[in-house]
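Here's a quick briefing to read with the model open beside you. It walks through one residue and then the fold around it.

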Amino acid sequence: MHITRSFMLNVPADEIVSALLSPEMAAKRMALLGVTEFDHKAEGNTAVTRAKVPADKLPSQARAFVKNGVDATVTAVAAGTTVDYSLDLKGAPVDLSWTITLNGDTPTAGDVDGEFKVKIPIMGSKIEQKGAAWVDRLLGAEVRNIEEVVAGN
């Protein structure tokens, strides 16, 4: 399932890219999932965040498959004004990736393109449809988080 969002910020693109790789952004993402303990490392143009996400913080459709929660790894790789993300959920049959592309001078226009896939034969597409609202909320929160981090909140 493909999910997109657009945004506009009165901040230069390079500041947004720095914010996207920052520990502050990782903390906001983890707080959204109710995760308080996580590890975040940023080096050069790559940032990796690792955490254990409790089952009760996942969409209800996923809880039946991951009763003990999941080990999550979010990897972000920046190339110029594009940041590619992948979410690896150990023990969950789900793929989630998204790309944030920044365009233009200040104000900077941004596009978030996400891809959500449930890898369960026969039932996968139905679960994708139910989980799409949750993913859409996550990507919407991503935009709000960017705004807050670049504003210093």
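Contact here means heavy atoms within 4.5 Å. Keep in mind that this is a predicted model.

- Thr108 sits in strand β7, which covers residues 108-118.
- Is Thr108 buried or exposed? Thr108 counts as buried, because its relative accessibility is 0% and the cut-off for buried is under 20%.
- Leaving aside neighbours within four places in sequence, Thr108 is in contact with Phe7, Met8, Leu9, Val11, Pro12, Ala13 and Ile16, plus Leu102 and Asn103.

**The sheet**
- There are 7 strands in an open, antiparallel sheet, and their order is β1-β7-β6-β5-β4-β3-β2.
- The edges belong to β1 (2-9) and β2 (38-43); each has a single partner strand, so one side of each has no neighbour in the sheet.
- From one strand to the next, the twist averages 15°.
- Strands β5 (residues 82-90) and β6 (residues 94-103) pair antiparallel over 7 bridges.
- Asp88 stands opposite Asp95, which is in β6.

**Helices on the sheet**
- Helix α1 (residues 13-20) packs on the sheet and touches β1, β4 (70-79), β5, β6 and β7. The direction of α1 makes about 155° with that of β6.
- Helix α2 (residues 23-32) also packs on the sheet, touching β2, β3 (46-53), β4, β5 and β6. The direction of α2 makes about 150° with that of β2.

Methods
Residues are numbered from 1 along each chain as its sequence is written. This is a predicted model: local features need pLDDT of at least 70, side-chain atom pairs count only at pLDDT 80 or more; totals for chains, interfaces and linings use all residues. Side-chain values use heavy atoms; hydrogens and water are left out. Helices (H or I, at least four residues) and strands (E, at least two) are DSSP runs, numbered from the N terminus. Buried means under 20% relative accessible area, exposed over 50%, partly exposed in between (1.4 Å probe, protein chains only). Two strands pair if DSSP finds at least two bridges between them. Axes are lines fitted to C-alpha atoms, for helices over the stretch in contact, and angles run from 0 to 180 degrees between N-to-C directions.
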